[in-house]
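The sequence and the model are shown first.

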Amino acid sequence: MELSAIMKDKLNAGDNVVALHEGVLLQGWSPKAHRLLALVERNLSFGLFVFTTSRNPPQAFTDLTINFVVPIDSDFKCDIDSLSAESNSDIYINLSARNFKLFMGMDSGHETNHFFNELSRSMDLYLKNQQTLDFQWLKKYNINDIDLELGLMMNINGDNTSNNIITANMAVAENDISFPTGTQTLSSRESVIQRQMILSEEQYTNAQNFRIYIGTWNVNGQPTLSSLNDWLTCDSEPPDIYAIGFQELDLSKEAFLFNDSPREEEWLQAVTKSLNSKGNYKKVSLVRLVGMMLIVFVKNKHMDHVKNVATDTVGTGIMGKLGNKGGVAVRMDFHNTSLCFVNTHLAAHVEEYERRNQDYQNICSRMVFSNFIPPKTVKDHNQVYWFGDLNYRITEMDAISVKDLVRKNNFKNVLEADQLKQQHRAGNVFKGYKEGSINFLPTYKYDPGTNDWDSSEKNRAPAWCDRILWRGNSIKQLAYRSHPNLLISDHKPVSALFESEVRVVDLTKYRKIHEHIMKKLDKAENEYLPQVMVDNTEIIFHNVKFMEPQLKELTVANTGQVPVQFEFIKKLDDSTYCKEWLRIEPFMSFIDPGEKCDITLEVLIDKKSAYKMISGQDKLYDILVLHLDGGKDIFITVTGNYERSCFGCSLETLCYLKVPIKNIPFGKLMELENNKSNMTSDPYPVPKEVWYLVDHLYRHGLKQEHLFEHSGLRSEFVQIRNWLDNGTPDALPGSVHSVAEALLILLDSTSEPIIPYNLHATCLSAVSYYSQCKQIISQLPERSKNVFLYLCAFLQELLNHVNDNKLDVKTIASVFGEIFIRDPPRSRSDKSGHTRTSMSRKKTNFVYHFLVNDQSDLIINTSF
């Protein structure tokens, strides 16, 4: 009797079997047990049935026992992976729903593909028809024969009733079925196997050399050339991979403020046409942030071996928001080697090497490929290629001397004064990176259209601003050169050619090693349980300060006989495994027997958490749950004390503080923040801290170029914060750029923005009418209105000096639009890129009215 006919006898009338497939349980490190999966449909709603069979194959419906019934609804997910990206065998499936999780293995083939195609189709149908679907028919099935083995592995805690499983009341945004990308969360067993395979990589892979071409060019906002062959096809042999980076692709305000640019497509087409004609290439990825763009191409014949492509961008402009400086990156797995390409544009000006160092550190810490579990950073790759306009200059040598030495091809003496070489030797940047010998002319600065050095009034000294560095083993640089025949920019393009060793899988060896590891693991699992020791379960952070991270280390040692997978997990009713002010690296990992793992815990109170500390909504206290797969949970307590700061206080509270905040008891601050204090003294019209910062900028920064565009130094921010919090007769420290950024951070760290959240929709709908905008401002709370008008008056004065400071009213309106009408927490991730751009334009237009129009009628009625 055919299985489909047997299944029909087992099911109720009207319930139709759409697809059947058999698999083996893999979770829990238990002996493999067979289960039968059936996708069943009734009136366009679907359920997944899990059966055990008393005979294989079953001969009658009495041989089938229903263990679980799961509706295909919003809670249902299906992740598919395979042991090897190079192999089509051994498919692994992770099925999950409410109170249900199942990890199974299946053989690849037509039947498996058919089953999951039908499963995917059922999920698509749910998305289209979810409002009308009824899953009550699933309740008619009695699930009396509980699969103890499966139930224990799923940790269902005895709650198996169908009433708790059947649900279809939540909307989902997209089909949740996904095929192998390397980003799925695998079971502990599979993760251990992958770990052991990585450690055994040399036994089943062969080293092959591939050519990688890296190019970088700051094009100074110029339109593209008809041909880039002099740059991109200067080698006779076509490379296997191209990674092409641009800076200052578009210098327009539209690109700077809203990241919109037609130049992206223009330069993409120019690059595509100029790739080596001896090779056929396909674009792997393109990523752009304002004027920084990175394009990666790979030969068509290699595309089947390119997987897990991801991108990220980091802006290092003021407050880490503006993307005029920063970096863009593309990462991918090529065969069995992970590659990361990072294109950056660091801070300008000769004297700003510390800000360039800071930009580099920010990009390293903030460049995260979050679609991996755990997330990957730049350092988590076998090979990294870092390039761009790094902007390091020549110091301790005047322009005339530099030009004279360069003219004599005496590069060695000039490079001794190269800031990047100096900072690299000092260990301040690019630790572990290499750079080839520089035997070409400085790449900056030229008169555009010529090969003549800068003849402007500034007469800048030539410098090698445009660089290419790399990190990783078995990488040989074949060429490092500039391309002086391309004249449109004040920079020359640079390129480097590498012969890079990539690990290529030998499938026969792979299967043999994998089988050996499986047998070894089976034996170990049957004999041992995971055991670890933690060196400290009470972590204490002393005197934590605003925007000043503190680090502690925790060591977990594997004292058992089997590999251990650990993970910090969420506590009951918590949305994350730790508080927002705490970062744990790594939050999940493996430890082999006899080995240990050092875990870094970083506490950082920033603008998102400071106001909660001041108001008493939160405190430096958390309990972490360190979960050992197959073992016990370990509880770790994190505590500390936070030093109060004006950063994070409300405008209302700050206006009542007549003395430095360090002299105010924490209890009094909490009362002020929660409106429970009976203050008898009159408040200041605006906070003294705002006045100090604005007054300093008024006295020293009106003619400073690019104020509120360039970021300050972190070390100077700390000095400014201490000055404001402690009070001192000394002059306010720091550069005007650091003071300007401190002002923005102060305004951005309050619990409510200057224009309260409940008025944002009204503001954005009124941007076309100045009279309506004024009406909104007139109705603000008194302290908020005072600060808004005070700042607008200062900004109008700042814009009276545009000939000196080179500022633009739209840029200032954009920067302060994001401050005055700050997005609610976590709201930006809920909006599409188009929606965010539209809202940014409206915020800019709202503030623009108050920078170009007279505010005297509003100020007359304001208590300054």
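β29 and β30 form a hairpin with four residues between them, and Gly630 in the turn has a positive phi of about 85°. The model is a predicted one, in which local features need pLDDT of at least 70 and side-chain atom pairs count only at pLDDT 80 or more, while totals for chains, interfaces and linings use all residues. Residues are numbered from 1 along each chain as its sequence is written, and side-chain values use heavy atoms, with hydrogens and water left out.

Strands (E, at least two residues) and helices (H or I, at least four residues) are DSSP runs, numbered from the N terminus. Two strands pair if DSSP finds at least two bridges between them.

**Strand pairs around the hairpins**

Strand β29 (residues 621–628) and strand β30 (residues 633–642) run antiparallel and are joined by seven bridges.

A second hairpin is made by β2 and β3, with two residues between the strands. Asn43 in that turn has a positive phi of about 50°. Strand β2 (residues 34–42) has seven of its nine residues buried, so the rest of the structure largely encloses it. Buried means under 20% relative accessible area, exposed means over 50%, and partly exposed lies in between (1.4 Å probe, protein chains only). Strand β1 (residues 16–25) pairs with β2 antiparallel over eight bridges, and Val17 stands opposite Val40 of β2. The pairing of β2 with β3 (residues 45–53) is antiparallel over seven bridges, with Leu39 opposite Leu48 of β3.

In a regular strand the side chains alternate between the two faces of the sheet.

Which strands stand at the edges of the four-stranded open sheet? The order in this sheet is β22-β24-β28-β26, with antiparallel pairing. β22 (532–534) and β26 (582–585) are the edge strands; each has a single partner strand, so one side of each is left without a neighbour in the sheet. The twist averages 20° from one strand to the next. The partner of β22 is β24 (residues 550–558), paired antiparallel over three bridges, and Met533 stands opposite Ala557 of β24.

**Helix packing**

Two packed helices are described by the angle between their axes and the distance between the axes. Axes are lines fitted to C-alpha atoms, for helices over the stretch in contact, and angles run from 0 to 180 degrees between N-to-C directions.

| Helix pair | Angle | Axis distance |
|---|---|---|
| α18 (residues 688–700) and α20 (residues 736–748) | about 150° | 10 Å |
| α18 and α19 (residues 714–726) | about 135° | 10 Å |

α18 and α20 are therefore roughly antiparallel, whereas α18 is oblique to α19. Angles under 35 degrees count as roughly parallel, over 145 as roughly antiparallel, 65 to 115 as roughly perpendicular and the rest as oblique. The crossing of α18 and α20 is left-handed, and α18 passes α19 in a right-handed crossing. A crossing is left-handed if the near helix is turned anticlockwise from the far one by less than a right angle, and right-handed if clockwise.

Contact means heavy atoms within 4.5 Å. Against α19, the residues of α18 in contact are Glu689, Tyr692 and Leu693, and they meet Ile720, Trp723 and Leu724. By class, this contact of α18 with α19 has five nonpolar, no polar and one charged residues. Ala, Val, Leu, Ile, Met, Phe, Trp, Tyr, Cys and Pro count as nonpolar, Asp, Glu, Lys and Arg as charged, and the others, Gly among them, as polar. Against α20, α18 uses residues including Val690, Leu693, Leu697 and His700, and the α20 side includes Val736, Val739, Leu743 and Leu747. The contact of α18 with α20 has eleven nonpolar, two polar and one charged residues.

**Two single residues**

Is Asn485 buried or exposed? Asn485 is in the loop between β20 (475–482) and β21 (494–505), and its relative accessibility of 56% makes it exposed. Asn485 and Asn451 are 34 residues apart in sequence and 8.0 Å apart in space, C-alpha to C-alpha.

His849 is in helix α26 (residues 833–852) and counts as buried at 14% relative accessibility. Leaving aside residues up to four places away in sequence, His849 touches Val767, Ser768, Tyr769, Tyr770, Cys773 and Gln855.
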